[in-house]
Amino acid sequence: DLTRISARNGGVFPRAKVLSQIDGYGRGKVSAEVMPEFGGLLDGDLVPVDIDGTLTPTPRALAALLSYLESIQVN
């Protein structure tokens, strides 16, 4: 349930963890049947995204997906 990511993380949206999972940096921890890698599909312009206080260059499509996922969180 993608609306409960924050709830499963103590009420905090884990931006770095979510980005790495979507982009495929978390390979090996979750099988491809559970979460396929999308990193190759998210190439393009980079935009700064605040990850734990550090502005990190992130593909625009990935930043938009992160923002959407963060916006649908329920308490």
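Two residues are in contact here when heavy atoms of theirs lie within 4.5 Å of each other. Keep that in mind as you explore this predicted model, a chain of 75 residues. Its secondary structure comes to 2 helices and 2 strands, and from the N terminus on the elements run α-β-β-α.

**How the two helices pack**

- Two packed helices are described by the angle between their axes and by the distance between those axes.
- Helix α1 covers residues 15-23 and helix α2 covers residues 60-71. They pack at an angle of about 125°, and their axes are 11 Å apart.
- The crossing of α1 and α2 is right-handed.

**Who meets whom between the helices**

- On the α1 side, the residues in contact are Arg15, Val18, Leu19, Ile22 and Asp23.
- On the α2 side, they meet Leu62, Leu65, Leu66, Leu69 and Glu70.
- Sorted by class, this contact of α1 with α2 has 7 nonpolar residues, 3 charged residues and no polar ones.

- Look for lysine 17 in helix α1. Exposed means over 50% relative accessible area, so lysine 17, at 59% relative accessibility, counts as exposed.
- Lysine 17 and isoleucine 51 are 34 residues apart in sequence, while their C-alpha atoms are 9.7 Å apart in space.
- Now try serine 6, which lies in the segment before α1. Buried means under 20% relative accessible area, so serine 6, at 9% relative accessibility, counts as buried.
- Leaving aside residues up to four places away in sequence, serine 6 touches Gly11, Val12, Phe13 and Gln73.

**The chain as a whole**

- Buried residues make up 29% of the chain's 75 residues.
- The chain exposes about 5,100 Å², and carbon and sulfur atoms supply 56% of that area.
- Take the contacts between residues at least 6 apart in sequence: 45% of them join residues at least 24 apart.

Definitions and conventions
Residues numbered from 1 in each chain as written. Predicted model: local features only at pLDDT ≥ 70, side-chain atom pairs only at ≥ 80, totals over all residues. Heavy atoms only, no water. Axes fitted to C-alpha atoms, helices over the stretch in contact; angles between N-to-C directions. Helix = DSSP H or I, 4+ residues; strand = E, 2+ residues; numbered from the N terminus. Left-handed = near helix turned anticlockwise from the far one by under 90°. Nonpolar A, V, L, I, M, F, W, Y, C, P; charged D, E, K, R; others polar. Buried < 20%, exposed > 50% of the residue type's maximum accessible area, 1.4 Å probe, protein only. Areas by Shrake-Rupley, 256 points an atom, 1.4 Å probe, with all protein chains shown as cover.
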